[in-house]
Amino acid sequence: MQALNTLSTPEEKLAALCKKYADLLEESRNVQKQMKILQKKQAQIVKEKVHLQSEHSKAILARSKLESLCRELQRHNKTLKEENMQQAREEEERRKEATAHFQITLNEIQAQLEQHDIHNAKLRQENIELGEKLKKLIEQYALREEHIDKVFKHKELQQQLVDAKLQQTTQLIKEADEKHQREREFLLKEATESRHKYEQMKQQEVQLKQQLSLYMDKFEEFQTTMAKSNELFTTFRQEMEKMTKKIKKLEKETIIWRTKWENNNKALLQMAEEKTVRDKEYKAFQIKLDRLEKLCRALQTERNELNERVEVLKEQVLGRAAGDHLALPGTQPCTGLVAPREPNTASTGAPGGPLEAMPRASKEKAAVSAGAAPGIESVD
């Protein structure tokens, strides 16, 4: 109003009002364009948020799948342990059966020796030939013992290699997770038990050798039972061969189980690495979500501020328009003095005048104000 009061003519005042109204319209249009741009950005951010939420849900599903796989691996390890324990029990039962069978055969031999004591007198002439055969058999037995000693040395070397491998595996297991410590202790206990069993078998073998030496002495005294003792020696040899075959089979099975155990450990390590990678990705997604939420909040605050500014501008525009309409009737005394003049065609009919630039609503308002004041006809 102060700026309009500085102007002298109503034409200049109307031109200033039109110019101000046009500037306000441009500002409102710019604000609306900015609002549209911000709304588009908000829609894009919402889409990105939905996408990140879907990825987060996928990551959670993958984590649940990994946990289920870990549980299945633990169950599989438990089943393997139970199977190993069952096999060890079966082997102990077989060993007990073999020892019982060997004791029964020894008792039978003693009974047969007692039965054949009566026929010793008749068969002394054959003692010389049988003595020579016995010497040959003793030489063969010595060679066999040397071969058995070599085999046992080879077995001891294999046991040492197995011990070294066990030490390596224990070192690798110490570097792994704490969950496998119990399994390692269990395996070490089994290894120690197998060693004790191996030493017991050696002691039993020494005892059997002593018993065989005693039986050889008795055989020199009782030469009549040589044929049956040879048969028993062949049966014992067959049993020894069977035992060696069983030992080889058990060694193969232990190698297979060891390879399976190493593969399971490798799979567990890979799963742990994948889990760490997924945890890092999850943390990165959480950081991105936090940043996006902050951006959304900042944009919402800016949007609210812009809405408030637009509402304030609209109120100002409406207030100024109402003030301008109220200010127009106040110019009647000034225009009453110009009534005798002729109508100014330059102000009304000229296409480049200020009234042409006004919108249709402002023209209608000006016409109404002119009808109410007859002294302003020259201005219209």
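Predicted model: local features only at pLDDT ≥ 70, side-chain atom pairs only at ≥ 80, totals over all residues.
M201, M243 and I247 together make a nonpolar surface patch of about 210 Å².

**Surface patch**
- Of the residues that make the patch, I247 lies in helix α5, which covers residues 226–327.
- I247 has a relative accessible area of 36% and is therefore classed as partly exposed, since that class lies between the buried limit of under 20% and the exposed limit of over 50%.
- In soluble globular proteins, nonpolar side chains tend to be buried together.

**Nonpolar cores**
- The largest nonpolar core has 7 residues, namely V31, M35, L38, I45, C296, L299 and L306.
- The elements giving two or more residues to this core are α2, which spans 10–116, and α5, and the largest share, 4 residues, comes from α2.
- M35, a member of this core, is in contact with R303, L306 and N307 when its neighbours within four places in sequence are left aside.

**Annotated segments**
- According to an unreviewed UniProt entry, the feature "coiled-coil region" is placed at residues 14–140, 184–253 and 282–316.

Note on methods: Residues numbered from 1 in each chain as written. Heavy atoms only, no water. UniProt positions renumbered as here; feature names shortened; annotations may be inferred. Patch = residues over 30% accessible without salt bridge, like charges linked within 9 Å, V, L, I, M, F, W, Y side chains within 5 Å. Areas by Shrake-Rupley, 256 points an atom, 1.4 Å probe, with all protein chains shown as cover. Salt bridge = Lys/Arg side-chain N within 4 Å of Asp/Glu carboxyl O. Buried < 20%, exposed > 50% of the residue type's maximum accessible area, 1.4 Å probe, protein only. Core = buried A, V, L, I, M, F, W, Y, C linked by side-chain atoms within 4.5 Å. Contact = heavy atoms within 4.5 Å.
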